[in-house]
Amino acid sequence: MSNDNIFIIRDLQHFASITDSIKSQKLHYQNVVLEQGIVEANYHISRQLQLGLGAKLFYIKRLRIVEGHPRSVETNYINYQLVEGLEKIDFNNTSFYDVILQKKGYRTIRSEEEILVVEAKDDECQLLQMPKGSEILLIKGITHKAENDLPFEYFELVCDPSFYRFRSVMKV
């Protein structure tokens, strides 16, 4: 399959994990953990998750490789009190949301996302094997838990723009 023909359709009306979308197309993929641990919430993330400044967060940054090509760098932040112990789990080649469901019983039901086209930072160009100064998609937002619809996770995803195609259906 040529590199140009590999893409994921993100349906803006329905929440679905990227891993599930990749699996449904029977594409070979890898998730490589770049960083993982516990950090303190900065002002922006604390506001997004409705937490106090400096609250402890579980943090993970992963590189997603599909059909042998790096496609996205994904960073997730979750209130550590909700997912204590996740920092000890190996998230390489696993679905983040599957682990959250299996280990903690949490299921996300919706997300609010902002989609931007930005110039890639030098480290992002290197990870995504793109020329310096390339434009990339920045998708950032929050997901909500099924249990109470409160903000559960803040995420930022930077990716090769050709990898995602967005679908929206408007009804009158």
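Accessible area is taken here from the Shrake-Rupley method with a 1.4 Å probe. By this method, the chain in this predicted model exposes about 9600 Å², and carbon and sulfur atoms supply 48% of that area. Of the 172 residues in the chain, 42% are buried.

The secondary structure consists of five helices and eight strands. Along the sequence, these elements occur in the order β-α-β-α-β-β-α-α-β-α-β-β-β. Among contacts between residues at least 6 apart in sequence, 61% join residues that are at least 24 apart.

The largest nonpolar core contains 13 residues, and those touching the most other members are F58, V83, L86, F91, F96 and I100. At least two residues of this core come from each of β3, α3 (80–83) and α4 (96–104). Helix α4 supplies the largest share, three residues. With residues up to four places away in sequence not counted, F91 touches N31, V33, Q36, F58, I60, R62, L86, F96 and V99. Among these partners, F58, L86 and F96 are also named with F91 as core residues that touch the most other members.

The largest pocket has a volume of about 320 Å³. It is lined by 16 residues, of which T75, K121, E124, E156 and V158 are the closest to its centre. By class, the lining comprises nine nonpolar, six charged and one polar residue. Several elements contribute to the lining: β3 (56–66), β4 (69–79), β5 (108–119), α5 (122–128) and β7 (151–159) each supply at least two residues.

T75, one of the residues closest to the pocket centre, lies in strand β4. T75 has a relative accessible area of 10% and is therefore buried, as the cut-off for a buried residue is under 20%. Leaving aside neighbours within four places in sequence, T75 is in contact with Y59, I60, K61, Y154, F155 and E156.

Technical notes:
Residues numbered from 1 in each chain as written. Predicted model: local features only at pLDDT ≥ 70, side-chain atom pairs only at ≥ 80, totals over all residues. Heavy atoms only, no water. Helix = DSSP H or I, 4+ residues; strand = E, 2+ residues; numbered from the N terminus. Buried < 20%, exposed > 50% of the residue type's maximum accessible area, 1.4 Å probe, protein only. Contact = heavy atoms within 4.5 Å. 1 Å grid on protein atoms, 1.4 Å probe; cavity = no way out; pocket = protein on both sides within 12 Å on 5 of 7 lines; lining within 4 Å. Points joined across faces, edges and corners; volume = space filled by probe spheres on them. Nonpolar A, V, L, I, M, F, W, Y, C, P; charged D, E, K, R; others polar. Core = buried A, V, L, I, M, F, W, Y, C linked by side-chain atoms within 4.5 Å.
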